[in-house]
Amino acid sequence: MAILGKLKLKSLSRSFAALSSAPLRICVVGSGPAGFYTAEKLLKAHEGVEVDIIDRLPTPFGLVRSGVAPDHPETKVVINQFSRVAQNERCSFYGNISLGSSISLAELREMYNAVVLSYGAESDRSLGIHGEELAGIHAAREFVWWYNGHPDCRNLAPDLKSSDTAVILGQGNVALDVARVLLRPTTELARTDIACHALAALEGSSIRRVFLVGRRGPVQAAWTAKELREILGIKDLAIRIQQADLVTTPADEIEMKNSRIRKRVYELLSKAANPGTSPFCNPRELHFAFFHKPEKFLESDDKSGYLAGVQLEKTILKGDDGRTKQVAVGTGVYEDISCGIALKSIGYKSLAIDGLPFDNHKGIVPNIGGRVLASVSQDESKFDIGLYVCGWLKRGPTGIIGTNLYCADETLACITDDINKGVLSSDSSKPGGQGLLQLLDSRRIGVVPFSGWERIDSEERRRGSLKGKPRQKLTTWEELLQVGCA
């Protein structure tokens, strides 16, 4: 009930303009970049709008906190901007609210004039190959959450001991992040905000070889030059690239001519290729395995149910006329790589919730410009009034943090248009945050307000300062709620 009292005090400080008529109450579900950018733009564009941001985690900021690699602190600076949004007198953050279990979408819509869904993608695509259920195989998302201290993956316990080799399936920036964390000296990671349990495991890791497996070639790799340059620059790391994989076709040349990024990536890989013996003593190795796709996972003969390796099929590219995308097809030639851990970095997947139309094939909520369609199959002119979407849930799991700026602009334009046309209007019967908190209080669900996050932040910084780190994250639900709900 203390949070309810604080909400009443906060509402008294709001402008007289808002008090003279009922404000337009909007709830943003998800506190990652898409959610915060949407909230920020709503507050700037409409003085009569109040925004509540809710998240299933006790902590805000989504993938900025749990997805950005610990050795990329500069990328996390955007948290300062998001914090200013949460501290706006017309904005509130409430953590530990799970849409679908704490409260239904229908109940949420009864309390707000509009709901913007921006809860991202918290599941993973499947390869659909034999052996995918074996112990030792993880989604890269889980591994990233593990080393970033996400409470859902605190107990992941990846096997970094039984083998000296890790296989990463995928050649995007997330795959590079994972490889870099496995191969970077732990003395460097110790100065970051990496979770303490992950640092301890990496300090005792036996991993010395990492394979980055991609279906296509170096020209088609999905990472950025900046990320690639960083991993190629790791001290005492031997880079292994087959010279034959660097031979380009006319179609490759066309792709590089049309994309400066692809050309730069190819140039970096060509420069790094080293077919000779590494000068380093007992080096760590990064192998770029282009033109291979996973055929099946291999089970250990000694330990039933556990991973022993990955069988890869050699591929070639088809569609080399320069007009169509080059597609990898199998050649029937196979090779096995022994390993104790395999990480699938093949894409994130959003999850559907009850009462929400969802396109399972595309992994998104069907929408036009951010307006949610009433049905996946219905006419595209029929919208679900008052329901909007932004971020990965809207467009699929693509882009960088900044991509959400443009995505939020587009969704804001739809909301503004609906406000101007009278489709959305204020309604004094909509209780907004006060009604939300009363309902959750009746269900004995502890809510973490932004002040609770500030307590978590302060405690993490305090613990970090004792170890020469920017912060030492609280990594269990129990710890986070104990501090955040105090």
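Modeller: Start with burial. A residue counts as buried under 20% relative accessible area, as exposed over 50%, and as partly exposed in between, using a 1.4 Å probe on protein chains only. The model you see is predicted: local features need pLDDT of at least 70, side-chain atom pairs count only at pLDDT 80 or more, and totals for chains, interfaces and linings use all residues. Residues are numbered from 1 along each chain as its sequence is written, and side-chain values use heavy atoms, with hydrogens and water left out.

Colleague: Is Phe-61 buried or exposed?

Modeller: Phe-61 is buried, because its relative accessible area is 0%. Phe-82 also has a relative accessible area of 0%, so Phe-82 is buried.

Colleague: How many aromatic pairs does the structure hold?

Modeller: First, the rule. Rings of Phe, Tyr and Trp (its six-membered ring) pair if their centres lie within 6.5 Å; planes under 30 degrees apart are stacked, over 60 edge-to-face, and the rest tilted. Helices (H or I, at least four residues) and strands (E, at least two) are DSSP runs, numbered from the N terminus. Here there are 11 aromatic pairs. In one of them, Phe-61 and Phe-82 are stacked, 6.5 Å centre to centre with 25 degrees between the planes. That pair links distant parts of the chain: Phe-61 sits in the loop between β2 (49-54) and α4 (63-66), and Phe-82 in helix α5 (residues 78-86), 21 residues apart. Phe-36, Tyr-37, Phe-61, Phe-82 and Trp-453 make up one aromatic cluster.

Colleague: Which residues have the most contacts inside the largest nonpolar core?

Modeller: The general idea comes first. In soluble globular proteins, nonpolar side chains tend to be buried together. A nonpolar core is a set of buried Ala, Val, Leu, Ile, Met, Phe, Trp, Tyr and Cys residues joined through side-chain atoms within 4.5 Å. Contact means heavy atoms within 4.5 Å. In this model, the largest such core has 55 residues, and Leu-182, Trp-223, Leu-228, Leu-286 and Phe-288 have the most contacts inside it. Helix α8 (residues 173-183) gives the most to this core: seven residues. Not counting residues up to four places away in sequence, Leu-182 touches residues including Phe-143, Leu-160, Leu-202 and Leu-343. A second, separate core has 37 residues, among them Ala-34, Ile-79, Phe-93 and Ala-114.

Colleague: Ala-114 is in strand β4. Which residues of β4 are buried on one side, and which on the other?

Modeller: Ala-114 and Val-116 are buried on one side of β4 (residues 114-117), Val-115 and Leu-117 on the other, and both faces are covered.

Colleague: Which strand does β4 join through four bridges?

Modeller: Two strands pair if DSSP finds at least two bridges between them. Strand β1 (residues 24-29) runs parallel to β4, joined by four bridges. Val-29 stands opposite Leu-117. Strand β18 (residues 383-389) also pairs with β4 in the parallel sense, over three bridges. There, Leu-117 stands opposite Val-389.

Colleague: What is the order of the six strands in the open sheet with parallel pairing?

Modeller: For angles, axes are lines fitted to C-alpha atoms, for helices over the stretch in contact, and angles run from 0 to 180 degrees between N-to-C directions. The order is β6-β14-β7-β8-β10-β9. β6 (137-139) and β9 (237-241) are the edge strands, each pairing on one side only. Neighbouring strands are turned by 20 degrees against each other on average, direction ignored. Strands β8 (residues 209-213) and β10 (residues 284-289) pair over five bridges, and Leu-212 has Phe-288 as its bridge partner in β10. Helix α7 (residues 140-147) packs on the sheet, touching β6 and β14 (341-344), with its direction at about 80 degrees to that of β6. Helix α8 packs there too, touching β7 (165-169), β8, β9, β10 and β14, at about 175 degrees to β8.

Colleague: What should the 18 residues of helix α15 span?

Modeller: The expected span is 1.5 Å times one less than the number of residues. For α15 (residues 403-420) that gives 26 Å, and the end C-alpha atoms are 26 Å apart, which agrees. Its buried residues include Cys-407, Ala-408, Thr-411, Leu-412 and Ile-415. Just after α15, Gly-422 takes a positive phi of about 80 degrees.
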